[in-house]
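Hi everyone, thanks for making time this morning.

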Amino acid sequence: MFSLWRPEPQSAAAWRQSLMALHGPLQACGAKQMRVMVVDEAMDKASSQRITFSTDPLDGVISLWVDSTSMLAPIKALIEQHVTRLHAYLVCESEPYPQERKARIERFSTEVPLGQRSPGMCQVALFRKPAGMDFERWMVNWREGHGSKAYPLQSIYGYRQNLVVRPLTLDAPEVHAIVEEQFPAIAIGSADGFYDAQGNEELLRQRQKYMSESVSPFMDFSSLDCILTSFYQVSV
């Protein structure tokens, strides 16, 4: 996974297209299952939902699969031509709860052809585990304690837990997890839609409370960068 920073003179729309156009060249380098996530004009209404603690938070993410990290150099060189800077991480991708995902995709009618924008938004969160917490305890808190609450407490229709194995660029800051959550359009700029409360204010407050309690045991909030992006599944 690559965290990306957009060149300032370039519009978000133009930058997004330049990243999407990398599909062919990256595929020629052996990249598969490419996803592009970009903070763009479609996310203007979600600005209040953004949570960033970095002085210069990222503007987007590219995720792709390769057979070996030995293939990184030409891939990194291609992406570097379209960003002011990047950080790369080797991750272990997990996409849990397939039945819940299937039901939500059907409910919100979110299937689109490859290369088209997925409906709604994708929340991308990068963070570290709490200082001093044992790694195994952290994994249990994150993947078992919190992960099972992702679908019941929110309107998500896509959920990926990416465990960071190691950084692949020398200057990459320490990150332990990168999470992708895809939400339908009703969640953009709306807490009610985000938590799937359907106009029930008491249910909304309860779900906000439960979510806050659920994330506290596994997240170092001082390290959190959470951006709202447009999402494109470019290839398989």
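Let's begin with a residue: in which strand does Arg35 lie? Arg35 lies in strand E2; helices (H or I, at least four residues) and strands (E, at least two) are DSSP runs, numbered from the N terminus.

Some housekeeping before we go on. This is a predicted model, in which local features need pLDDT of at least 70 and side-chain atom pairs count only at pLDDT 80 or more, while totals for chains, interfaces and linings use all residues. Residues are numbered from 1 along each chain as its sequence is written, and side-chain values use heavy atoms, with hydrogens and water left out.

Back to Arg35. Is Arg35 buried or exposed? Arg35 is buried, at a relative accessible area of 2%; buried means under 20%, exposed over 50%, and partly exposed in between, with a 1.4 Å probe and protein chains only. Its side chain makes a polar contact of 2.8 Å with the side chain of Glu180. By polar contact I mean a pair of N or O atoms within 3.5 Å; within protein, one must be able to donate a hydrogen and the other to accept it, and residues adjacent in sequence count only if both atoms are side-chain atoms. Beyond its neighbours within four places in sequence, Arg35 is in contact (heavy atoms within 4.5 Å) with residues including Glu93, Arg160, Phe231 and Gln233.

Next, Gln161, which sits in strand E7, residues 158-167. Gln161 is buried too, with a relative accessible area of 2%, and a 2.9 Å polar contact links its side chain to that of Tyr159. Among the contacts of Gln161 outside four places in sequence are Glu93, Trp142 and Ile178.

Now the pockets. On a 1 Å grid over the protein atoms alone, a pocket is an open set of points where a 1.4 Å probe fits, with protein on both sides within 12 Å along at least five of seven lines; lining residues have an atom within 4 Å of a point. Grid points are joined across faces, edges and corners, and a volume is the space filled by probe spheres set on the points.

The largest pocket holds about 500 Å³. Its lining has 25 residues, with Ile51, Gln123, Phe194, Met211 and Cys226 nearest the centre. Elements that give two or more residues to it include strand E6 (121-128), helix H8 (201-215) and strand E9 (220-233), and H8 gives the most, with four. By class, that lining has 16 nonpolar, eight polar and one charged residues. Here Ala, Val, Leu, Ile, Met, Phe, Trp, Tyr, Cys and Pro count as nonpolar, Asp, Glu, Lys and Arg as charged, and the others, Gly among them, as polar.

The second largest pocket has a volume of about 410 Å³. Its 21 lining residues include Ile105, Arg160, Gln182, Phe231 and Gln233, which lie nearest its centre. Strand E2, helix H4, E7 and E9 each give two or more residues to this lining, and the classes are seven nonpolar, eight polar and six charged.

One last topic, cysteines. How many disulfides does a search of the whole structure find? The search finds zero, where a disulfide is a pair of cysteine sulfur atoms within 2.5 Å. Cys226 is buried at 4% relative accessibility, and its sulfur is 9.6 Å from the closest cysteine sulfur, in Cys122, so it is too far for a bond.
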